[in-house]
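Here's a quick briefing on charged pairs and a helix contact. Have a look at the model first, then read on.

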Amino acid sequence: MTKKNNMAVEILSWYDANAREMPWRIPPLNSKMGTIPNPYYIWMSEVMLQQTTVAAVKEYFVKFITLWPTVDDMANAKDEDVMGAWAGLGYYARARNLLKCARVVKDQYGGKFPCNEKDLLSLPGIGPYTAAAIMSIAFNKKAIVLDGNIERVMSRIYAVQEPLPASKKDLWLLASDLTPENRCGDYAQSVMDLGATICTPRNPKCSICPWNYNCEGLIRGIADGLPNKTPKRTKPTRAGTAYVAIRNDKSILLERRSEKGLLGGMLGWPGSDWDNVPSNYTEPLKADWHTLNESVRHTFTHFHLELTIKIAFNVKGTPRVGKFITKENFKPNDLPTVMRKVWIEASKFLK
Ligand code: SF4
């Protein structure tokens, strides 16, 4: 048996005993007995897992498949219901693409996900990583799955010292070399699990790792520091203002953000652009606005945001933007996290 085959056998037998339980996953014993994963579940989980932890995703995944059990149900869902259910998970373009993708799968593929990478890649929101993960996990076909966990494991196994992201192509080739022809889905998930539980970013547990005899990084004593990374640029801080207007009957002014851009399509507070230049934003309606002492700070992928909050009570008249939502219909949990933070501060001043 070649070293490569040996390593696949070792990690698969480790996986058989140690696989993490996940609501979208077929446990290895059932997988070996021929139970097939639901491609809709695998697609949904992989979209949710982009930039998000397993712990954060589990609850949302269960909520989504309960509300929309099939891809046809998702395709027929109302946009605002899906955006509301996604609130808090972040990276909202994923929710918009989820809907678009479900509608293409329903209309062009008869409600079945295509079983080849080329067609998968043509679907909204599916990039090379997600296409490979669906091919491998949902259809048990050989595909090279390379997420952050697997990049770290490959860097260490092969002692790759070139920093990420420049080393990505090499890591892909190395991962490709190790990927077996059989049990492709279980293999991909076994390396993901190894990276998440044993080969962790700090203090990897090499003594109990099934690959420790083959790990060049461990042998050379440099595993802990790998992968090397090109230093990130420090994030700038931007500023903006959010307006919280409340009527006498406690209804609240909200505005749906435009489809394009950050938090596109989500509900939020009317407010200025987020930049550092003095804003010429016109208040959403004439009122006695008070500026709160506490601002809200939130970090996005590329910048920090400092939001000043202005609040007005007993407002009257028709707003220039947005619309009033009754107290009964206002669900703070449907707001994206930064907007929810604004509400937490503003609601302290509710009379
Ligand atoms: S031996 Fe250690 S560094 Fe190497 S793959 Fe296993 S856990 Fe990671």
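Let's start with Lys 348, which counts as exposed because its relative accessibility is 55% (buried means under 20% relative accessible area, exposed over 50%, partly exposed in between, with a 1.4 Å probe and protein chains only). This is a predicted model, where local features need pLDDT of at least 70, side-chain atom pairs count only at pLDDT 80 or more, and totals for chains, interfaces and linings use all residues. Residues are numbered from 1 along each chain as its sequence is written, and side-chain values use heavy atoms, with hydrogens and water left out.

**Salt bridges**

- A salt bridge is a side-chain nitrogen of Lys or Arg within 4 Å of a carboxyl oxygen of Asp or Glu, and the count here comes to 12.
- Lys 348 pairs up with Glu 345 in a salt bridge (3.2 Å, N to O), and Glu 345 is buried at 14% relative accessibility.
- Glu 151 and Lys 168 form another salt bridge, at 2.7 Å from N to O.
- Glu 151 sits in helix α10 and Lys 168 in helix α11, so this pair ties together parts 17 residues apart in sequence.
- Glu 151 is buried at 8%, while Lys 168 is partly exposed at 40%.
- Asp 16, Lys 32, Arg 183 and Asp 186 are linked in a salt-bridge network.

**Helix contact**

- Helices α10 (residues 148-157) and α12 (residues 184-197) pack at about 80°, with their axes 8 Å apart.
- That makes α10 roughly perpendicular to α12 (65 to 115 degrees; under 35 is roughly parallel, over 145 roughly antiparallel, and the rest oblique).

Terms used:
Axes fitted to C-alpha atoms, helices over the stretch in contact; angles between N-to-C directions. Helix = DSSP H or I, 4+ residues; strand = E, 2+ residues; numbered from the N terminus.
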